[in-house]
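This report goes through selected local features, helix packing and domain contacts of the structure shown below. Please keep the sequence and the model open while reading.

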Amino acid sequence: MHNLSTKKVFALFVIFGWILLIVADRVDELRVYQGATIAITTLAIASIIILTGYSGQVSLGHGAFLAIGAYAAALSQTYWQSPFWFTLLMSVIVTSLIGFILGFAAGRLSGPYLAGTTLALAVGLPTLANQFTFLGGETGLVYDAGNPPARFGEDFTLYKWFFWISAFVVLIAMFLIRNLLHSRYGRTWKALRANPTAAQLCGINVAQSKILAFTISAGAAGLSGALLGMISIVAPSAFPLSLSFTLITGAVLAGVTSLAGSMLGAVILVVIPEIAEVISTSLGESEKVISNLPGFIVSVLLILTVLFSPNGPAESIRKRREHHQKAKH
Amino acid sequence: MISLRRNKKSVLFASVVTSVALAASVVPANAETGVSSSEIKLGITVPMTGIAAPGYNKVAPAMKAYFDYLNANGGIYGRKVNLIIKDDRYIPQEAINKTNELILKDRVFALVGQLGTANNLAIASKVRLGSRKIPSIGVLTGFSGFADKKKYPTTFMSFPSYAAEGRIIGTYINENLASKTVCLVSQNDDFGTDAAKGFTAAGVKFAEHVKYVSGTQSSATAQVWIGKLVAAKCEVVVLMTVSSATAPVLAVANAAGYKPQWILGSVGSDTTTLKLSLAPAGIPAAQAAALFNGAIGLSFAPDPSDTADEYVKLFREVNANYNKGVEFDNNVAIGMNYALVVAQALRAAGTSPTRAKLIKAMETKGSTFASIGYSPMGWTATSHAGHSAFWFGKFNLAGELKPLDAARTLYTTDNNATQPVTKTTAKRAALPAKGIPTNS
């Protein structure tokens, strides 16, 4: 097996982006909106893959970083009237900074203690918005990407505009993350995840590596949070605890060590409510069924994945194929 | 190490999956979205489950029941009205998601009776109903801002504004309870802020103002609130709260032996809903009624127990025939009433309705539509305000709101509560025969 050069990977990303734009032009608005959601969720799952899949640190509260990113972007727009691109940059800077600070705690904590700390963050953080009026309370803050440029024509809808922004930003972010994970930092994190003691004996600074992983993961999550705020709202209700669990589920379903799988995880998360609706409609449209079925399906999938394919279906398929090839030889 | 060939294959696989998911459907354009030769499709998001569901979950089915009654009587120029109901759990983010589903997937003609201040604000800002020219008829919130046509060009209010309600209650306090220590419990969002604007305009100063975050209301939090009210020695407590907050406040206060003069805002004072909300706390309906017996309340419409009222009488009949097994209350009456209002708006939009025609019809004829409120709605070309007048009453042991004066005096101020409160002799339009509109 050989590695593709960065140039070739870049070309692949450009081609993929081009395909997405062509497809977005030919589908209805609902699919375009779902496409934007998939793109944003992909980046959010990727942020978990950096942290958990590579550096081996478990975060149960990544939704909090999404919230911080969204609020950072919205605040810079509301109070500084910053241009949209700058608000995205602010979301990355602020969440990275907070991730860096939390990384120090992460350096001292591991396993359930770290998971508990991040969980507490996700529980407590969104409620802060209700304590400080400048955060907009339950209604939240207005965060707006503006209308699509007039030169795109009247048929260029708002959701297509959201999709273009999301796809463009996420493709760039994913390209950068992919390169980072294939650099020595990625290898260092994997060594750290496999055996921290052995990694330390090899001269890896464990604490420093953990802090770096936390910082970059938080930055990616913050950026996805800002994009989420763009298509939805920047308010506590947009970042419930269930968001963190959903993202982890997406990462596990896709295979927590597979960056490309993050897209598959995002597609599954977006498609599940549609499947749930079809099932609940056939069951007689009980409101309780409609409201709870998506969560139920996600939970069942999570349990099944952990039981039968703990590293994700993609990893299982690969192992099975390798096993098959070995058997042939 | 992750193999890049595997990575490449995964990227391609994910690309195909995404493309297929995106390309799953292409919908052809229609002459007007949501209108066919046989049907007009409307949509609503309401809390059908979740903390605010008790009571509010009756609004949309009541609307549907009225539309079923209307459809059985010819519909709108022969078209059946199809109301699609989505559960937003009273969460703004969910309201956005579900409204998007209604617009993008179900392709409704208009939104009707969208419930909740925070939800409607979230929808207006993110779904951008105004710039997309999607009508939202009779939003079920009294947030005064929605009357602003420039900011919300396609949104039409139904209730009197919270600001007006605040000023009217404030004026009542000034005139009748000025010597008492007055306190307020309100929701910590635009619902509460809007009402506070009215109280400020009336010059009322609260010894204690308890603000709660929507969704946190429970017996446990109510104990904290009551503690604050007792500490401030409040003799009069105004509750600008939803029913799910009003209920624990009354129950906890009663258990603590705290008995101030309650003034229940119109939002959270439906006694059937309060009884339902108190049941899980082990308080049977008979005891529950005693909790709000003697409380002062106000309403812009008749009490649901007022069977002499022609609107109440009709809606009770429709409820008995098309919404079987559901106890008639304010939520049912409100749901059916705004379905009736929507029916008139659809008729006024003509035989070939478009969204633009619908909006124009509401702006030019809306103030003449028959509606249960004692004062006409303020829909004009410059304002989209709802009803504007309240009457005061006192709750009895049966949970009925009985007028404080035999004449049922109506009090009014402007939508933004900038004008002093005055008495009004406003008259509402008569109910169309059998409740089936024939306007054009």
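The model is a predicted one, and in it B:Arg89 has a positive phi of about 55° although the residue is not a glycine. B:Arg89 is found in the loop of chain B that runs between strand S2 (80-87) and H4.

B:Lys133 also has a positive phi, of about 60°, and is likewise not a glycine. Is B:Lys133 buried or partly exposed? With 14 other C-beta atoms within 10 Å, B:Lys133 is partly exposed, and its place is the loop between H5 and strand S4 (136-139) of chain B.

Two packed helices are described by the angle between their axes and the distance between the axes.

| Helix pair | Angle | Axis distance |
|---|---|---|
| H4 (residues 92-105) and H5 (residues 117-126) of chain B | about 50° | 8 Å apart |
| H7 (residues 184-194) and H9 (residues 206-231) of chain A | roughly 115° | within 10 Å |

In chain B, the angle of about 50° between H4(B) and H5(B) makes H4(B) oblique to H5(B), and H4(B) passes H5(B) in a right-handed crossing. On the side of H4(B), the residues that meet the other helix are B:Pro92, B:Ala95, B:Ile96 and B:Thr99, while H5(B) brings B:Ala118, B:Asn119, B:Ala122, B:Ile123 and B:Lys126. Sorted by class, this contact of H4(B) with H5(B) has six nonpolar residues, two polar residues and one charged residue. An α-helix has 3.6 residues a turn, so residues three or four places apart point the same way.

In chain A, the axes of H7(A) and H9(A) cross at roughly 115°, and the two helices are therefore roughly perpendicular to each other. H7(A) passes H9(A) in a left-handed crossing. H7(A) makes the contact through A:Tyr185, A:Thr188, A:Trp189 and A:Leu192, and H9(A) through A:Val206, A:Ser209, A:Leu212 and A:Ala213. By class, the contact of H7(A) with H9(A) has six nonpolar and two polar residues, and no charged residues.

## A covered helix

How many of the residues of helix H10 (residues 271-278) of chain B are buried? Eight of its eight residues are, and the helix is mostly covered. The buried residues of H10(B) are B:Thr271, B:Thr272, B:Thr273, B:Leu274, B:Lys275, B:Leu276, B:Ser277 and B:Leu278. Their cover includes helix H2 (53-56), helix H9 (243-255), helix H11 (285-292), helix H13 (330-348) and strand S13 (389-395), which belong to chain B.

## Two domains of chain B

The domain assignment of chain B gives domain 1 (39-160 + 304-387) and domain 2 (162-299). Taken over C-alpha atoms, the centres of domain 1 and domain 2 of chain B are separated by 27 Å, and 15 residues of domain 1 are in contact with 18 residues of domain 2. On the side of domain 1 of chain B that touches domain 2, the elements that give two or more residues are H2, H5 and H13 of chain B. The largest share of that side, three residues, comes from H5(B). By class, the side of domain 1 of chain B that touches domain 2 has seven nonpolar, six polar and two charged residues.

Technical notes. Residues numbered from 1 in each chain as written. Chains lettered and ligands numbered in written order. Predicted model: local features only at pLDDT ≥ 70, side-chain atom pairs only at ≥ 80, totals over all residues. Axes fitted to C-alpha atoms, helices over the stretch in contact; angles between N-to-C directions. Helix = DSSP H or I, 4+ residues; strand = E, 2+ residues; numbered from the N terminus. Parallel < 35°, antiparallel > 145°, perpendicular 65-115°, else oblique. Left-handed = near helix turned anticlockwise from the far one by under 90°. Contact = placed C-beta atoms within 7 Å. Nonpolar A, V, L, I, M, F, W, Y, C, P; charged D, E, K, R; others polar. Buried ≥ 20, exposed ≤ 12 C-beta atoms within 10 Å, placed from the backbone. Domains from an automatic or database assignment.
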